[in-house]
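This report describes a single protein chain. It begins with a hairpin and its strand partners, then turns to a helix and the nonpolar core.

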Amino acid sequence: MRKSWKIAAAVMWSLVIVVSAFAFMASRDTPAEPERLFELDDFTLTTHTGETLDTAELEGDPWVAMIFLTECPTGACPMMISRMHALLEAVEDPRVKVVSIAADPVKDTPEQLAEYAELIGADKDRWIFATGSMDEVRDAVGKLYLVLEPSHDERFLLFDEKNRAVGTYHRSDDEEMAQLKADAAALVN
């Protein structure tokens with residue numbers, strides 16, 4: 001009786017190992033869908049070209065959201081802008097976009113954002129600068145779960161083509177910025 005119990009246990013463990021091995025191998029062959037942080041609620045802003053930008057227009061392509069100021073007293077914004085230039089250079093696929101939201105819409109009007117975009121050489125097909133009334137900016141930033149005040153958030157949010165947040169990355173962390181590039185590239189491959 002003991003011998004048959006030991007054989008049954010050995011067979012069960014063998015089956016568990018074989019099934020686990022197949023499951024592991026199958027998971028390696030199928031790319032995992034990125035973990036979703038949240039699904040984006042609707043907001044509306046105005047772009048640097050004076051056009052309306054809403055979340056429906058962002059759907060269909062991966063994109064990165066950030067908050068910035070054209071006149072940044074801390075130096076964080078120039079680094080964030082530099083990081084986005086590097087992202088767009090590293091991920092050449094034109095489907096990857098950047099949406100930079102003005103933290104001070106009183107100063108950063110569509111006209112000011114257009115001048116700024118030209119000054120920094122932003123890719124006009126891939127980089128959108130957005131503003132609006134203070135209420136519109138607060139609404140958008142709140143729906144992005146970013147911080148606007150007392151000083152704006154220094155993180156980037158990556159969204160997939162269905163407007164689902166799939167990652168956050170801090171502008172000062174080189175490893176996180178490398179991960180942002182890899183994650184953005186994976187969304188278009």
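In this predicted model, the hairpin of β2 and β3 has four residues between its strands, and Gly 50 there takes a positive phi near 85°.

**Helix α4**

Both β2 (44–47) and β6 (127–131) are among the elements against which the buried residues of α4 pack; the others are β4 (63–68), α3 (76–90) and β5 (97–102). Which residues of helix α4 are buried? Across residues 110–120, they are Pro 110, Leu 113, Tyr 116 and Ala 117. Viewed down the axis of α4, these buried residues fall within an arc of 120°, so they line one face of the helix. The face of α4 turned away from the buried side carries the exposed residues Glu 111, Glu 115, Glu 118 and Leu 119. Just after α4, a positive phi of about 70° is taken by Gly 121.

**The nonpolar core**

In soluble globular proteins, nonpolar side chains tend to be buried together. The largest nonpolar core of this model has 52 residues. Within that core, the residues with the most contacts are Met 84, Leu 144, Phe 159 and Leu 180. Leaving aside residues up to four places away in sequence, Leu 180 touches Val 64, Met 84, Leu 87, Phe 156, Leu 158 and Tyr 169.

**The chain as a whole**

The protein chain has six helices and eight strands. From the N terminus on, its elements follow the order α-β-β-β-α-β-α-β-α-β-α-β-β-α. Of the 189 residues in the protein chain, 39% are buried. Among contacts between residues at least 6 apart in sequence, 70% join residues at least 24 apart. The protein chain exposes about 11000 Å², of which carbon and sulfur atoms supply 55%.

Definitions and conventions: Residues are numbered from 1 along each chain as its sequence is written. This is a predicted model: local features need pLDDT of at least 70, side-chain atom pairs count only at pLDDT 80 or more; totals for chains, interfaces and linings use all residues. Side-chain values use heavy atoms; hydrogens and water are left out. Buried means under 20% relative accessible area, exposed over 50%, partly exposed in between (1.4 Å probe, protein chains only). Helices (H or I, at least four residues) and strands (E, at least two) are DSSP runs, numbered from the N terminus. The arc is that of the directions from the helix axis to the C-beta atoms. Contact means heavy atoms within 4.5 Å. Accessible areas come from the Shrake-Rupley method with a 1.4 Å probe; for residues, only the protein chains shown count as cover. A nonpolar core is a set of buried Ala, Val, Leu, Ile, Met, Phe, Trp, Tyr and Cys residues joined through side-chain atoms within 4.5 Å. Two strands pair if DSSP finds at least two bridges between them.
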